[in-house]
Amino acid sequence: MSVIFGGEVTCPACGAKTFRYTELLYETPFFGNVLIQSGFCSSCGYRLFDIDYAEVGRPTRIVFTALDGVDVAKSFLIRSKTGSISSPDLGFTLEPGTHGEPMITTVEGFLYKVVDYAERLKVLEPESADKVDQFIQKVYKKIDEGGFTLVVEDPLGKSLILPYRQESVRIEYL
């Protein structure tokens, strides 16, 4: 890890010259070099923390086919903040939005996160509760049995799937 910048600068929130700001360059195992930015204003209390990629890869599409529950439980999903994940078999797409949440988890852990998102949708759209419940049951069944495909697309090429069985994944450069 190396310090790129450290010092007091003008606060972006209140304009006082009391914003303690630091930039660090850090090498990570999956995302390569990242720029870590943090700051705190002693005048107004504004805080900043962000991580950006210091380098980019080639745009990629990763197609993963879970043949059974072992593939689901023992394969890892690494999604960068620019990666989108979809499953044509399960019928969902998870877009990163303007500031996506990076994650490192198993495919099983990711599918439980999808179930959590679906549960929230039931609260927001109670009229869709029956349809959402059917979707959730389908996801639980696929966690146990496999038999579905996940597609991860990343314009910066930072997302990947580490499969339990190498033949269950295909990488395409876009």
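In the predicted model, helix H2 meets helix H3 through Glu108, Leu111, Tyr112, Val114, Val115, Ala118, Glu119, Leu121 and Lys122, which face Ala129, Val132, Asp133, Phe135, Ile136, Val139, Tyr140 and Ile143 of H3 (contact means heavy atoms within 4.5 Å; helices are DSSP runs of H or I of at least four residues and strands are runs of E of at least two, numbered from the N terminus). The contact comprises 13 nonpolar residues, no polar ones and four charged ones (Ala, Val, Leu, Ile, Met, Phe, Trp, Tyr, Cys and Pro count as nonpolar, Asp, Glu, Lys and Arg as charged, and the others, Gly among them, as polar). The axes of H2 (residues 107-124) and H3 (residues 129-145) come within 10 Å and cross at roughly 170°, with axes fitted to C-alpha atoms over the stretch in contact and angles running from 0 to 180 degrees between N-to-C directions. H2 is therefore roughly antiparallel to H3 (an angle over 145 degrees).

The domain assignment, automatic or from a database, gives domain 1 (2-53) and domain 2 (60-173). Their C-alpha centres lie 32 Å apart. Six residues of domain 1 contact 10 residues of domain 2. About 720 Å² is buried between the two domains, 70% of it on carbon and sulfur atoms (accessible area, 1.4 Å probe, lost on putting the two parts together, summed over both). In domain 1, Phe30, Phe31 and Tyr53 lose the most area to domain 2, together 84% of what that side buries.

Residues are numbered from 1 along each chain as its sequence is written. Local features need pLDDT of at least 70 and side-chain atom pairs pLDDT 80 or more, whereas totals for chains, interfaces and linings use all residues, and side-chain values use heavy atoms, without hydrogens and water.

Methods. Angles under 35 degrees count as roughly parallel, over 145 as roughly antiparallel, 65 to 115 as roughly perpendicular and the rest as oblique.
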